[in-house]
Amino acid sequence: MPVEPQSLAEIQHRWCEAFTNGQGRITAWTFVPKAIIDDVLSGKSQTCPMEFSDQEPLFRLAYEWMKDAMDEAGVKGREPGINPWWCWIQTSADQTCPTDVEPDDTSVLLELSLDPKDVLLSDFDMWHVPLNYWLNGEGDEAEAFEKKLELAGLNIYKNKPLPEPFHASVQASWRDIFCLDRVNGYTCELKDKTIQGVFWKMRPENIKGVVEPQNHQGHVMQDAG
């Protein structure tokens with residue numbers, strides 16, 4: 001019998017479990033604007049305002065799709081007027097802390113401890129597919145889709161977003177970014193992937209502390225199982 005496709009809730013649970021440590025938490029890192037760091041550290045600022053995200057229309061479309069995916073995965077906490085916080089889970093085969101991304105003069109790096117049920121993990125390199133409104137497809141699949149578009153007088157590189165039913169097909173192809181063992185032309189093997197996460201609320205108990213720049217190199221990757 002064919003294998004039934006996994007629900008996004010099942011995918012979320014599988015990969016969060018893989019990155020959960022012995023204390024039942026996921027270690028993550030996020031950059032926070034210095035302007036709100038005192039509020040964040042005191043627990044006053046728990047949600048991420050919309051103005052902290054890129055306002056380019058296609059990017060907003062991708063962010064809305066990610067928020068809908070969080071709902072589908074069962075990650076609770078969505079409220080009107082906010083975006084999720086973004087964090088790093090793994091940035092290379094040897095590191096989790098984003099050693100190659102230094103905070104600028106306006107932000108600081110926090111180390112976090114997250115409840116696995118509160119975060120949705122995804123492939124950072126494949127995230128560029130939704131951001132650029134590409135089809136996540138290769139070879140015959142991509143060629144067949146482009147042929148359908150051509151017959152309809154459309155082009156995915158010129159018509160963004162596409163009208164239905166093509167738009168739904170494009171967004172459905174993005175789902176692979178949550179399957180962290182997928183390898184294709186946009187990404188690599190799990191051990192080498194950069195893995196990001198999204199979560200709704202930053203609670204005081206999530207914050208382990210501020211990571212000083214000289215300590216960015218000191219975090220070794222936990223076993224992903």
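**Entry 1: the fold.** I read the elements of the chain from the N terminus and got α-β-α-β-α-β-β-β-β-α-α-α-β-β. That comes to 6 helices and 8 strands, where helices (H or I, at least four residues) and strands (E, at least two) are DSSP runs numbered from the N terminus. A reminder to myself: this is a predicted model, in which local features need pLDDT of at least 70 and side-chain atom pairs count only at pLDDT 80 or more, while totals for chains, interfaces and linings use all residues. Residues are numbered from 1 along each chain as its sequence is written, and side-chain values use heavy atoms, with hydrogens and water left out.

**Entry 2: the chain as a whole.** I looked up burial next, and 46% of the 225 residues count as buried (under 20% relative accessible area; exposed is over 50%, partly exposed in between, with a 1.4 Å probe and protein chains only). The accessible surface of the chain is about 11700 Å², by the Shrake-Rupley method with a 1.4 Å probe. Carbon and sulfur atoms hold 51% of that surface. For contacts, meaning heavy atoms within 4.5 Å, I took those with a separation of 6 or more, and 83% of them link residues 24 or more positions apart.

**Entry 3: strand β5.** How many residues of strand β5 are buried? I found 8 of the 8 in residues 107-114, so β5 is largely enclosed by the rest of the structure. S107, L109, E111 and S113 point one way, V108, L110, L112 and L114 point the other way, and all are buried.

Then I checked the partners of β5, counting two strands as paired if DSSP finds at least two bridges between them. Strand β1 (residues 26-33) runs antiparallel to β5, with 8 bridges joining them, and F31 stands opposite L109. Strand β8 (residues 207-210) also pairs with β5 in the antiparallel sense, over 3 bridges.

**Entry 4: Q196.** Is Q196 buried or exposed? Q196 sits in strand β7 (residues 195-199) and counts as buried because its relative accessibility is 5%. Leaving out residues up to four places away in sequence, I listed what Q196 touches: W86, C87, I89, L120, L121, S122, D123, F124 and W127.

Entry 5: Most residues other than glycine have a negative phi, and most peptide bonds are trans. I noted these spots with that in mind.

- K160 and P161 are joined by a cis peptide bond, with omega about -5°; P161 is in the loop between α5 (139-151) and α6 (166-173).
- E164 to P165 is a cis peptide bond too, with omega near 5°, and P165 is in the loop between α5 and α6.
- Y133 has a positive phi, near 55°. This residue is in the loop between α4 (128-132) and α5, and Y133 is buried, with a relative accessible area of 0%.

**Entry 6: the second largest pocket.** I looked up its volume, which is about 170 Å³. A pocket here is an open set of points on a 1 Å grid over the protein atoms alone, where a 1.4 Å probe fits, with protein on both sides within 12 Å along at least five of seven lines; lining residues have an atom within 4 Å of a point. The volume is the space filled by probe spheres set on the points.

Which residues lie nearest the centre of this pocket? Of the 10 lining residues, they are Q6, I11, R175, C179 and R182. By class, I noted 4 nonpolar, 1 polar and 5 charged residues in the lining; Asp, Glu, Lys and Arg count as charged, Ala, Val, Leu, Ile, Met, Phe, Trp, Tyr, Cys and Pro as nonpolar, and the others, Gly among them, as polar.
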